[in-house]
Amino acid sequence: MSYKIQQLSFDPTSLNGFSPKLINSHHANNYGGAVRRLNAIRAELANVDWPSVPGYRINGLKREELIAANSAFLHELYFQSLGPCTGLKLGGLSVAFNRDFGSFDRWLEEFKAMGKALGGGSGWVLLSVSTHENRLINHWSADHTHLLGGATPILALDMYEHAYHIDFGADAASYVETFLLNIDWDKANAGYAAVVEHATVHLAAPSEEVLANRENVTLLDVRRAGAYEASNSVIAGATWRDPEKVVEWSSSLPEKPVVVYCVYGHEVGQSTAAILRSKGIDARFLVGGLHDWIAAGRPAEKK
Ligand SMILES: [Fe+2]
């Protein structure tokens, strides 16, 4: 079964500062070329006589398969990263930037500097969600073969010269600045949410169980500061803690199981529970968050 080329999910004429010629050439020739190489290599692998094939041929084919596959998959993420710039909305990913980098701007400075540092060279700059370390991380990837163990890329910057030479010549720095103006943050946010949700399904605490067991757990409201301040309600008995400072306050919790809740029970609460777990705390997140708790008529109180 051959791997299929994914079509662009946006109109190439809609980008700001990138020509359709560059985007279409990159997609058809470089991404498309990687998919065609991957299919050719896998067709050859299907016919290898493994007991008799020389080791050097196995090494070559499997190395080239990895290069072609990662080139194809990272190009797909690169093109998914582009689109009409939506701006980063306040929510799970913005909380994670503040928590893991200190601020969005600090993350941006690092990501941008990494891209510009590859000017004149080649490689990828990736923003990934590490479920191993429960954090966002920027990392370098060379020759389409370096990925970080336990981490899933959610944003990819292609620093191979073919990604920019048609529009920018050798001016890699301007290309990096233009890329950053064309990020579809809604897609990056959705990628982050999917990784966090997948990694934390085992930490889900159903509301009926939390209600029945309230005396035995520390209930923490970990809504984003702005969301907490704009709200009038909390779950009775809960204490607010800033999810962006979880590492700071995680060491001062009483020795009881913890249930955290956010607005809807998605990535803010899920990622906070995962970080608390990594600190040895018996933590889970409330399914459905405060929204479903109140909708079900469970006890809440005015702040
Ligand atoms: Fe590329």
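Where is the place of Ile 41? I found Ile 41 in helix H1. A note on terms: helices (H or I, at least four residues) and strands (E, at least two) are DSSP runs numbered from the N terminus.

**Ground rules**

I am working with a predicted model, where local features need pLDDT of at least 70, side-chain atom pairs count only at pLDDT 80 or more, and totals for chains, interfaces and linings use all residues. Residues are numbered from 1 along each chain as its sequence is written.

**Ile 41**

I looked up its surroundings next. Ile 41 counts as buried because 20 other C-beta atoms lie within 10 Å. The cut-offs I use: buried is 20 or more other C-beta atoms within 10 Å of a residue's own, exposed is 12 or fewer, and partly exposed is in between, with C-beta atoms placed from the backbone. Leaving aside neighbours within four places in sequence, I see Ile 41 in contact with Leu 61, Glu 64, Glu 65 and Ala 68. (Contact: C-beta atoms, placed from the backbone, lie within 7 Å.) I also checked Ser 2: it is 39 residues from Ile 41 in sequence, and 11 Å from it in space, C-alpha to C-alpha.

**H1 against H2**

I then took the whole helix pair. H1 (residues 20–45) packs with H2 (residues 55–81) at an angle of about 145°, and their axes are 8 Å apart. Axes here are lines fitted to C-alpha atoms, for helices over the stretch in contact, and angles run from 0 to 180 degrees between N-to-C directions. On the H1 side I list His 27, Tyr 31, Leu 38 and Ile 41 among the residues that meet H2, whose own include Leu 61, Ala 68, His 75 and Phe 79. By class, the residues of this contact are 11 nonpolar, four polar and five charged. (Ala, Val, Leu, Ile, Met, Phe, Trp, Tyr, Cys and Pro count as nonpolar, Asp, Glu, Lys and Arg as charged, and the others, Gly among them, as polar.)

**The sheet**

Which order do the three strands take? I read E2-E1-E3, an open sheet with antiparallel pairing. (Strands pair if DSSP finds at least two bridges between them.) E2 and E3 are the edge strands, each pairing on one side only. From one strand to the next, the twist averages 25°. H7 packs on the sheet and touches E1 and E3, its direction making about 160° with that of E3.

E1 (residues 124–130) and E3 run antiparallel and are joined by seven bridges. I picked out two positions: Ser 130 has Ala 151 of E3 as its bridge partner, and Ser 128 stands opposite Pro 153 in E3. Strand E3 (residues 151–158) is mostly covered, with seven of its eight residues buried.

**Two loop residues**

Asn 134, in the loop between E1 and strand E2 (135–141), has a positive phi near 55° without being glycine. I count Asn 134 as buried because it has 25 other C-beta atoms within 10 Å. Asp 143 sits in the loop between E2 and E3, and its phi is also positive, about 55°, although it is not a glycine. Asp 143 is partly exposed, since 13 other C-beta atoms lie within 10 Å.

**Domains**

The domain assignment gives domain 1 (12–199) and domain 2 (206–302); such bounds come from an automatic or database assignment. I noted 34 Å between their centres, taken over C-alpha atoms. Where they touch, 12 residues of domain 1 are in contact with 13 of domain 2. Helix H3 (92–101) and helix H7 (185–199) each supply at least two residues of the domain 1 side.

Notes: Contact = placed C-beta atoms within 7 Å.
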